[in-house]
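Please view the sequence and the model below before reading on.

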Amino acid sequence: MKAGYVQRFSAAERVLHWVNAAGFFFLLATGLILYLPSLSMLVSRRQTIQGIHFWGGVGWLCALAAVVVLGFRRLFATAREIERFDEDDLRWLRGRRTPQGRFNAGQKVNAILTAAFTVLFGISGVLLWVGEGDTRFRFASTVILHDGLMYVSLLLLVGHLYLALIHPATRHALRGMTVGDVRVEWAVHHHPKWQPDDVQVDWPRTRHHAPWKPQFADADRSRRR
Amino acid sequence: MDTPPVTEQDPGPRRYGRRLFLATVVGGVSSLYWGKAAWDHVTGVVSPVAEAIAPIIPSSGWRIYTISGSMPTFDRATWRLKIGGLVDQPLSLTYDELRALPRVEQVSTFHCVTGWTVNNVHWGGVRMHDVLAAARPQDAGHALQFVSMEVPYVDYLTLGQASMHDVMLAYEMDGKPLKQEHGAPVRLVIPEMYGYKNVKWLQEIQVVPESIDGYWENLGYDRDAWVGRSNGYSS
């Protein structure tokens, strides 16, 4: 790892993120062909696109499941980290600039909703597919659920992409999700309660935006030289 | 005596994330039972807002279903609507001749069997019974076969169903000539039945002895596709 950088995301976390992202964009593209009349006109072969969309969704869920199984230990720890909200997290969600851990509270909510939506996309997608031929699985609200998930997911995605690609203060996080590490200064500034295992840094405990430079512990500083 | 200072005790991290995940999944799954009613209620309450934003929503609520690789195209010079079978006066109407028949308009809701609906669709066209009257069905004819240009799409209605007051052959939708994706030049409109009975890209109507299964009925859908009372739905 480069000096002055700290590992933020493990390989398992990054693979899970990108498998999820790739699957989502594939399903969004094929789903929009089914959903938007103008795209349906261009492509026309609805049955074929419908099959590609459905089996693409099945492949997406299987790929996610495979990543979770293969990286279970690491991802289980991540899940435990994400599901826990302390007082600072709750204050952060109420708009206060409280110190945050490796994931801020907004990232935790986004991850949790994304996981829940994946389950709901899967359930509603299978019901739509099976319900075409079997009335026992046909519900008038299935398509509303599937479409509603798409709209809410798109809103989350737009916010996510803005913060990851455009907003100057946060877009450095994209490096963490691609190569794994982020600048220590950035991490300290945005995630002061995070205590990485592999780097001993004197992280500030009292103030979030303290204008300080990271103080590497002696052992770590010597290792880095 | 000094009162001991009151210290705010941090209860420590709590698993709110697990609760949020479970609540979202349970809420989503349960919406299979209440989602449509809630959606209908919301769109009814905020219909002015919905109408205002409708032009900027690209889907406008419609999904385009086809069964073949390409959509039929309408050639005004060669297209004919043939009405034949058990009739005394077989007809072959050009597009202009069809439009010369007594024109009617109606506003109705379009229901798809998969669950989506489009409210307040403004149709323009001719009444089915006016077309039938011109062809004069014979006594042996009790049903109609609707043949689409999209082969092999066909469907059937009984004469009684086809003679309901709001069944029409529509060549206009929302004030404009019917678009290709909606079945140009003319489609059947029967608001009381799900969309798969509303045959698009019509080219032929045959008077036949009885109603039998059409394209989607052969794939398991109900022959009498009453909205809310067929295909596993009950109002």
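In chain B, strand 1 (residues 81–85) pairs with strand 2 in the antiparallel sense, over three bridges. Within this pairing, Leu81(B) stands opposite Leu93(B) of strand 2 of chain B. The model is a predicted one.

- Five strands of chain B form an open sheet in the order 2-1-10-5-6, and their pairing is mixed.
- Strand 2 (91–93) and strand 6 (154–158) of chain B are the edge strands, each of which pairs on one side only.
- On average, neighbouring strands of this sheet are turned by 15° against each other, with direction ignored.

**The domains of chain B**

- Chain B is assigned domain 1 (17–52) and domain 2 (71–219).
- A distance of 35 Å separates the C-alpha centres of domain 1 of chain B and domain 2 of chain B.

**A helix contact in chain A**

- Helix 1 (residues 11–35) of chain A and helix 4 (residues 72–83) of chain A have axes that come within 9 Å and cross at roughly 80°.
- Because angles of 65 to 115 degrees count as roughly perpendicular, helix 1 of chain A is roughly perpendicular to helix 4 of chain A.
- Helix 1 of chain A contributes Ala12(A), Glu13(A) and Leu16(A) to the contact, while helix 4 of chain A contributes Arg74(A), Leu75(A) and Thr78(A).
- Sorted by class, the residues in this contact of helix 1 of chain A with helix 4 of chain A are three nonpolar, one polar and two charged.

Notes: Residues numbered from 1 in each chain as written. Chains lettered and ligands numbered in written order. Predicted model: local features only at pLDDT ≥ 70, side-chain atom pairs only at ≥ 80, totals over all residues. Axes fitted to C-alpha atoms, helices over the stretch in contact; angles between N-to-C directions. Helix = DSSP H or I, 4+ residues; strand = E, 2+ residues; numbered from the N terminus. Parallel < 35°, antiparallel > 145°, perpendicular 65-115°, else oblique. Contact = placed C-beta atoms within 7 Å. Nonpolar A, V, L, I, M, F, W, Y, C, P; charged D, E, K, R; others polar. Domains from an automatic or database assignment. Pairing = 2+ DSSP bridges.
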